[in-house]
Amino acid sequence: MPNPSPGYSITVRVTAPVGAGTTSTLAGAVASVKGAMTALDVVESHPDHMVIDVTCDASDVEHAEQIASAIADVPGVVVGKVSDRTFLLHLGGKLEVVPKVPLKHRDDLSRAYTPGVARVCTAIAENPEDVRRLTIKRNTVAVVTDGSAVLGLGNIGAAASIPVMEGKAALFKQFADVDAWPVCLDTQDTDAIVEIVRALAPVYGGINLEDISAPRCFEIEARLRGMLDIPVFHDDQHGTAIVVLAALTNALRVVEKSLDTVKIVVSGVGAAGHAIIRLLVAQGATNIVACGRNGILSPDDTSDSFRSWIANNTNPDARSGSLRDALVGADVFIGVSAPDILTGDDIETMGPDSIVFALANPVPEVDPVAAGRHAAVVATGRSDFPNQINNVLAFPGVFRGLLDAHAVEITDDMLIAAARAISDSVSPSELNPTYIVPSVFDAAVAPAVAAAVRGAADVGREDDV
């Protein structure tokens, strides 16, 4: 059974008899089925009974039901409502719109709305560049999805994707004070998506493409970049690549190896895998072997232009075979593919002081504990293991920097600068095999990333002069 997680947290309201051992008995009931009690609050107290909220983490929905049953089995205890705390958090959504200016009297209205607003509209019509200075475009990002590749859930559609996009928008605000809004499109037609985003772009200072299936995501991104004067960022690609490069930079420091000499195996050649490989190559990696469902990619793989690029820029020794074959003697494994496709025995075949990034979520490509018996550094995408490689380390700061720089595009130099800022956020005294990336709650990370992106944008402008 997986470890209990806050993602399956429940609160069980019970009526229990008064007694010195009541709370310990309830805690024991939770522990008996391996639940993790996080709070026990007395809501009401009466001469002969108490009303108590028992809050605990479970491993999944079935485990939550087992916990509630175990509590109900305690003599004298009556279970009332069992609340799923994750669903409670989402009631009514996670976002709201709040005015930034006071609207208390006629004077405020006459300037914020009619008639005063007409002067601002006219100014923008006469000088379109003023739209960044005088509207929400200055600080607003569209989080665009078609719901075709949501987290580990797959093609669940636009409506079902809204909670994820709301969460993304909340992270933008929390970590970088960027105002982001979910734009969940009820179409998976590439031409339609491109046209819709093009048409709504005037409101936004940047476009964050999210959870769109490959290879359609590549075409959508490329076409929008070609037609818009605002940056278009595909987080599944570029955000993942930034954090992987940052983590790998520090992992290589731990094992005292160099990016230009290590052998890297990447499992997964979709959006994330493609972007990771491109950024590693841009940063100087020379020996990458990419593996898809059928094993090592070769130059013969021409199913689409993106896989062809991967095949033509990896596998310098022209190897063939399976993922397991590719792992033999490798220094680094990066998985952005599927759960439980490797074992600890496979990791044992890698070279000495190996590095394993098993990033499939929620179940990694290889059990982290098993991998840790053989690898020097292990990272996952999960929060309940050390070295969580999480895109929230990248995208808020990246967009903060892009918006502040009034950038019109995103370059590899900006992505590399962002990765460097993240890796450098871990000081030499902090760096060790279980701490290669900073915490997502490290308040210094997003400003550092933003400053790095702004700097790269300024250098790019100087080069254009």
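The model is predicted: local features need pLDDT of at least 70 and side-chain atom pairs count only at pLDDT 80 or more, while totals for chains, interfaces and linings use all residues. Residues are numbered from 1 along each chain as its sequence is written, and side-chain values use heavy atoms, with hydrogens and water left out.

**The six-stranded sheet**

Begin with the open sheet whose six strands follow the order E11-E10-E9-E12-E13-E14, with mixed pairing. Strands (E, at least two residues) and helices (H or I, at least four) are DSSP runs numbered from the N terminus, and two strands pair if DSSP finds at least two bridges between them. Select strand E11 (295-296) and strand E14 (377-380): both stand at the edges with a single partner strand each, so one side of each has no neighbour in the sheet. Next, select strand E13 (residues 355-358), which pairs with E14 in the parallel sense over four bridges. Ile355 has Val377 in E14 as its bridge partner.

Helix H10 lies across strand E9 (264-267), strand E12 (332-335), E13 and E14, and runs at about 155° to E13. Such angles run from 0 to 180 degrees between N-to-C directions, with axes fitted to C-alpha atoms, for helices over the stretch in contact. Helix H11 (residues 271-283) lies across E9, strand E10 (288-292) and E12, at about 175° to E10.

**The four-stranded sheet**

Move to the open sheet with the order E6-E5-E7-E8 and parallel pairing. Its edge strands, strand E6 (179-184) and strand E8 (232-234), each pair on one side only. Neighbouring strands here are turned by 25° against each other on average, direction ignored. Select strand E7 (residues 206-209): its parallel pairing with E8 spans three bridges, and Leu209 stands opposite His234 in E8. H10 packs on this sheet too, touching E7 and E8, and its direction makes about 75° with that of E8.

**The nonpolar cores**

A nonpolar core is a set of buried Ala, Val, Leu, Ile, Met, Phe, Trp, Tyr and Cys residues joined through side-chain atoms within 4.5 Å. Buried means under 20% relative accessible area, exposed over 50%, and partly exposed in between (1.4 Å probe, protein chains only). Select Leu248, Ile264, Leu280, Ile334 and Phe357, which touch the most other members among the 72 residues of the largest core. Helix H10 (residues 235-255) gives the largest share of this core, eleven residues. Domain 2 (140-230) and domain 3 (237-464) both contribute residues, so the core lies between them; the domain bounds come from an automatic or database assignment.

Centre on Leu248. Its contacts (heavy atoms within 4.5 Å) include Leu259, Val332 and Ile355. A second, separate core of 21 residues includes Ala201, Ile220, Leu228 and Ala271.

**Two single residues**

Select Thr145, in strand E5 (residues 140-145). Thr145 is buried, with a relative accessible area of 1%. Its side chain reaches the backbone oxygen of Asp211 at 3.3 Å. Among the residues that Thr145 touches are Ser161, Met165, Cys184 and Ile212.

Finish at Ser59, in the loop between strand E3 (49-58) and helix H2 (61-72). Ser59 is buried, at a relative accessible area of 7%. Ser59 and Met1 are 58 residues apart in sequence and 7.1 Å apart in space, C-alpha to C-alpha. Ser59 touches Met1, Pro2, Asn3, Pro4 and Tyr8, leaving aside residues up to four places away in sequence.

Technical notes
A polar contact is a pair of N or O atoms within 3.5 Å; within protein, one must be able to donate a hydrogen and the other to accept it, and residues adjacent in sequence count only if both atoms are side-chain atoms.
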